[in-house]
Amino acid sequence: MAALAWVTLLAACATPQTHHLLTYPEGLKPRVELVETPFFAQQEYQCGPAALATVLNAAGEAVHPEELTPQVYLPSRHGSLQPELLAATRRQGHIPYVLHPTLDTLVTEISAGNPVLVLQNLGLRISPVWHYAVAIGFDLERAELILRSGTERRHVMPLRTFEHTWRRGGFWAMVVTSPDTLPQTAKEQPYLEAVLALEELKQWPVAEAAYQAVLNRWPGNLAAQVGVGNSRHAQGDFPGAEASFRAAVTSHPDSGIALNNLAQTLADQGKLAEAERTAERAVSIGGELSTVFRQTLEEIRRLAH
Amino acid sequence: MKALRQIATPMVWLITVSLISLNLNLPNAHASIIGTGTVVSAEQLQQDRTQVREALERKEVRAQLVRLGVDPAQVQERVNALTDAEAQQLSRYFDDMPAGGNGLVGALVFVFVLLVFTDLLGLTSVFSFTKKGSLR
């Protein structure tokens, strides 16, 4: 019986991610610590606001945990929920990006200079102690992770212990970069969705910078081209929007959406003849949005005649 | 009085005409711009059909936040900053989601002893007085 208990316990001790990282530390420096990362000692149960303020300040947003508390804290739960940390990040005009859930990704972001906000369960499943902290460094030779955590400015934790606590937190991690910089491990589609969430809050200048950053890494991305155009249009910058929609039409001549938005932007500037020709092209492409394309064309014809 | 009316009548006409032309000159600027979301994700095309459901989900999240002691003046802005997917996630799993806050609430003695033991094994990290992994 005791032997069985030990086998069960040892099986539970396995930390495959740490093992993988230490066995194949490809391209990683053996030791990184983002010593400049600010530290906010948490008040009771306030690790969410403290950790969020840490990553926001590191991304250049001067904000105090006390300002974030009314945006993320749940008094009766003595804590903060993940979606609300993401939402509060957007309210500060920054883009939260949830990482691919591996230790490799986490240390890659730290190596690129981005502190990583993590959710840990410091206790056990039967008696959870949920905790947000910010990973700011690692030492592969000593197999350690360095965190800004709770009331400790520099909390050193064995990588294996971290993996256990992080696994119980669902391997959840997020980074915040300044809008014109992409996270090192950002993937095209999930990052666009992260920017879109900010655009929906009508934070146009930030959205424009973020879509531009996407274009710098993935030139010709249609969504980002349309995103830059839409952000500029919403700010009243019609010539800028026109340039962006033209680029979208050039690289994606079959995109009815790009044509439609270009036609509308041309019409907004009184260039009705070209607007009409462009809207006709959108209508001829058709598709699920053909009703909208036709409305645009009719509106332009009404203005022109 | 007559003099006043002589001035007023053309003024009324002038104002009426300029109001009408102002209205005509205002292009229906944003009506025909298709949102970025339509390009990012094809699911956005179905948005109109799901708007009612989303409104209900957000209402549910608002109620939960108020129930858990959030200042009602803050609730609307907190809900507004959520994406549709996040609002849906919260409305469905609110009570099951972990609330990170670093508190060991109401732990029994045996759990306490167990956690000291697992702390020493480096499996957990609850107490600052245990040196992590020292039993391994």
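Helices (H or I, at least four residues) and strands (E, at least two) are DSSP runs, numbered from the N terminus. In this numbering, F112(B) lies in helix 6 (residues 109–120) of chain B. This is a predicted model, in which local features need pLDDT of at least 70 and side-chain atom pairs count only at pLDDT 80 or more, while totals for chains, interfaces and linings use all residues. Residues are numbered from 1 along each chain as its sequence is written, chains are lettered from A and ligands numbered from 1 in the order in which they are written, and side-chain values use heavy atoms, with hydrogens and water left out.

F112(B) has 37% relative accessibility and therefore counts as partly exposed (buried means under 20% relative accessible area, exposed over 50%, partly exposed in between, with a 1.4 Å probe and protein chains only).

Turning to the aromatic rings, a search of the whole structure finds four aromatic pairs over all chains (rings of Phe, Tyr and Trp, the last by its six-membered ring, pair if their centres lie within 6.5 Å; planes under 30 degrees apart count as stacked, over 60 as edge-to-face and the rest as tilted). Among them, Y132(A) and W172(A) are edge-to-face, at 6.3 Å centre to centre and 65° between the planes. This pair links distant parts of the chain, 40 residues apart, with Y132(A) in strand 6 (residues 130–139) and W172(A) in the loop between helix 7 (159–168) and strand 9 (173–177) of chain A. Both Y132(A) and W172(A) are buried. The ring centres of F162(A) and W166(A) are 5.5 Å apart with planes at 25°, so this pair is stacked. F162(A) and W166(A) are both buried, and together with F171(A) they form one aromatic cluster.
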